[in-house]
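Here is a short briefing to read alongside the model. Take a look at the chain, and then we can walk through it topic by topic.

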Amino acid sequence: MTETINPPNSAPVDSSARAQRPAIHRRISSQLYSGIFGAVALTIVASVVSWISFNNVDRSQKRVSEESVPELAGAFSLAEFSNALVAAAPRLTTAAPDQFPVISAEVTAAHREFQQRFDPLLRNHPDDVHVQGISEAADALATNIATITADMPHFYSLSRQIETLQVQIPTLHDQAQGIIIPAIDDQLFFQVTGYRDFETEPTDAMSRTSGDELLLYRHLNALQADVAQVTELMGSALIASESDFVEPLIESFESTTDRIQISLTAIAATETAPGLESAVNSLLRLGMGNNSAFQASVDRLDIIKRQDNLLAQNQSVAVDLLSEVNAIVQTAQAGADQATENSAQTINTARILLVIISVIGVLGAGLISWLFVGRVLLRRIGRLSGRMRTLAKGELEEEIEIEGRDEIAEMASALEVFRRHALEVQRLNLVEQLAQELSERNDELQSVLEELSQAQDQIVAREKLAALGEVTAGVAHEIRNPLNFINNFSAASVELLEEMAEIYEDLTDNLSDADKDLIEEINQDLNDNLDRIQSHGKRANRIVQDMLLMGRGGGETQMTDINDLIHEHSLLAFHSARAQDPDFIVTLEEEFDPDMGQLEVVPQDLGRVFLNFVANAGYATNKKQKELADAGTVGDYSPTILLTSRRTDDSAILSVRDNGSGIPPDVAAKIFDPFFTTKPTNEGTGLGLALSADIVREHGGTITVNTEPGEFTEMVVELPLTRAKDTPLVEGDGNGDGGGDDDDEDDDEDDSEDDA
């Protein structure tokens with residue numbers, strides 16, 4: 001059944017009049033409840049079947065978990081620690097001395113764990129043949145391990161003794177040979193030449209070739225061979241693999257020792273080799289007694305042989321132990337398998353029943369999904385969803401069709417009412433949007449008007465500066481003429497005073513001493529005054545020259561002392577600020593690189609850069625001081641401007657740093673924009689830093705701003721040491737600031753003159 005609603009231009013209709021409340025049997029909720037009830041009923045049946053099956057499985061599992069599994073777990077655990085006991089003996093025999101206590105403790109712990117696992121099994125099955133076999137094998141293993149553990153400290157001691165002997169024997173052998181070999185050489189030299197030393201007379205040939213001397217020579221050679229032989233015998237004993245091999249070595253050592261004693265007795269009577277007997281006896285003592293090299297080797301080999309026998313016994317016992325443990329594991333496994341088979345049969349029965357119930361549930365759900373959900377609900381909901389998407393896109397003119405008398409029909413009716421209301425809202429939004437756009441256009445026009453007014457003020461200020469530059473140039477020209485007169489006449493006055501001094505020399509005889517002193521004092525004062533007039537006249541002329549150059553802007557490049565340029569223009573900016581504000585105070589500090597030297601620059605243009613930097617720094621520090629004074633928190637704040645220069649391999653780095661209020665990040669990004677300024681309109685034009693950036697760029701350099709709001713601002717200029725040939729010059733803009741002072745000494749002279 002299809003219903004339509006009134007067109008958009010008709011009066012609104014109540015949704016209850018368009019779609020009546022559906023009957024209970026037609027409601028989607030009633031139909032869904034029916035399907036859900038059927039699914040619940042099938043679920044209950046499946047749960048009952050599962051409950052019965054789970055009870056059967058539970059009984060089987062209890063039998064497994066309470067009887068078979070503990071026995072099986074105990075058997076496996078027993079097998080695990082049996083393996084640990086079997087492996088304990090080889091670990092002990094191969095352990096390093098520093099690891100032996102740790103391994104011994106681990107073996108003891110493994111034996112304790114084995115006993116803890118085995119005791120319950122022994123209590124539960126005391127008459128079991130396999131349990132008795134395990135007990136006997138475990139006792140045998142424990143006895144063998146205890147024997148090995150007791151032998152190992154003596155074994156380590158013997159090993160250390162053998163290592164010491166292996167070092168001592170070659171050392172003592174070398175000491176003995178170090179005495180024997182020179183004695184042999186001396187005896188041979190004596191028999192050939194007759195000399196015992198170079199201080200006594202040689203012995204005759206008959207005496208030095210006598211039987212005693214030849215016998216002494218043979219004893220020395222025999223002693224050398226016998227010492228080497230006993231050394232070799234003791235070394236062979238230390239590395240022997242069986243104790244049976246050591247006995248022949250001991251017999252050979254004893255016979256060789258006898259020969260050595262005979263040779264020592266014969267040699268000692270001649271006093272040919274002092275200290276030889278002591279050195280040889282020290283070597284022989286290492287092969288004698290209970291602590292000899294031979295006895296240490298025999299004892300060590302006996303321990304190794306005994307340990308090998310115990311290890312072989314352990315292997316045999318281990319086979320018996322593992323076979324008995326495997327028998328217990330197989331018995332426990334058989335019980336567990338039987339219980340598991342009973343559980344599997346119960347699970348298979350429950351699985352078949354659940355499959356049957358599941359098939360019935362799936363078929364029922366499929367019918368419900370196909371007949372009701374798919375054909376009734378989803379199709380109608382899909383059409384309604386598509387219509388809602390078209391409404392979301394703004395297509396509100398097409399009416400919504402309403403089918404049926406259920407909840408979906410109610411949703412369609414409500415959506416139609418929403419569509420009609422949305423049409424009205426859309427018309428209202430269009431009106432509001434037009435009003436908003438009109439307001440935004442008005443705001444934009446107002447902003448443009450304000451920017452235009454600000455630009456007009458800046459242009460007027462720039463024109464004023466240009467006019468001021470022209471006036472400054474004219475005034476400078478006018479001042480230059482009287483300065484020339486002052487300089488010329490002061491020079492002429494100096495010449496006249498020189499002529500007067502010559503005439504005075506001719507008249508000195510006619511003057512009294514008081515008149516002479518008065519004339520000389522007046523002459524000296526006049527010369528001093530003229531020197532000052534000339535000095536300050538030249539200074540004023542230089543200031544006028546700078547004013548003319550700065551008024552014109554630009555200029556030719558020339559080699560310029562950068563340190564002097566920064567110094568002069570910083571003073572110029574300082575005195576300019578003092579002229580405008582008598583209360584202006586700032587400390588100028590200079591840290592100039594004495595190796596900076598000269599650079600090829602346009603001094604008027606580059607001077608204007610530092611004039612702007614110092615002026616801005618002075619303005620910032622003065623402003624901060626006034627703000628702190630108004631707040632009563634000046635404290636120890638002192639306005640300071642630091643001027644620095646540094647020369648690197650390829651550039652000159654110049655900076656002006658102040659301790660003013662710093663520059664916020666959003667302002668620092670704009671300070672080089674033309675006409676941008678944070679000063680009032682009558683105090684700044686926004687062109688100083690922009691022109692400075694152009695001047696530095698035309699010189700091939702860069703400007704960097706380092707600042708911390710509330711702490712400091714630093715302007716850093718980096719210029720190349722060699723100016724590029726094709727770098728254009730900066731054209732002046734005609735807004736020069738005026739002249740400057742030479743140095744601090746001139747300022748002091750001005751102050752002293754004013755005081756006078």
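In which helix is the place of isoleucine 36? Isoleucine 36 sits in helix H2, which covers residues 28-94; helices (H or I, at least four residues) and strands (E, at least two) are DSSP runs numbered from the N terminus. This is a predicted model, in which local features need pLDDT of at least 70 and side-chain atom pairs count only at pLDDT 80 or more, while totals for chains, interfaces and linings use all residues. Residues are numbered from 1 along each chain as its sequence is written, and side-chain values use heavy atoms, with hydrogens and water left out.

**The chain as a whole**
- The protein chain has 16 helices and 9 strands.
- Of its 756 residues, 35% count as buried (buried is under 20% relative accessible area, exposed over 50%, partly exposed in between, with a 1.4 Å probe and protein chains only).
- Among contacts (heavy atoms within 4.5 Å) with a separation of 6 or more, 76% join residues 24 or more positions apart.
- The accessible surface comes to about 44,400 Å², and carbon and sulfur atoms hold 55% of that (Shrake-Rupley method with a 1.4 Å probe; for residues, only the protein chains shown count as cover).

**Isoleucine 36**
- Isoleucine 36 is partly exposed, because its relative accessible area is 49%.

**Histidine 699**
- You will find histidine 699 in the loop between helix H15 (688-698) and strand E8 (702-708).
- Histidine 699 counts as buried because its relative accessibility is 5%.
- Its side chain reaches the backbone oxygen of isoleucine 695 at 2.8 Å.

**Arginine 306**
- Arginine 306 belongs to helix H9, residues 293-392.
- With a relative accessible area of 35%, arginine 306 is partly exposed.
- Arginine 306 and threonine 147 are 159 residues apart along the chain, yet 9.5 Å separates their C-alpha atoms.

**Confidence**
- The mean pLDDT (the predictor's confidence in each residue, from 0 to 100) of the protein chain is 75, and 74% of the residues reach 70 or more.
- Over residues 1-20 the pLDDT is below 50, and the model gives this stretch 33 contacts beyond near neighbours in sequence.
- Residues 728-756 also have pLDDT under 50, with 63 contacts beyond four places in sequence in the model.
- Where pLDDT is low, the predicted coordinates should not be read in detail.

Terms used: A polar contact is a pair of N or O atoms within 3.5 Å; within protein, one must be able to donate a hydrogen and the other to accept it, and residues adjacent in sequence count only if both atoms are side-chain atoms.
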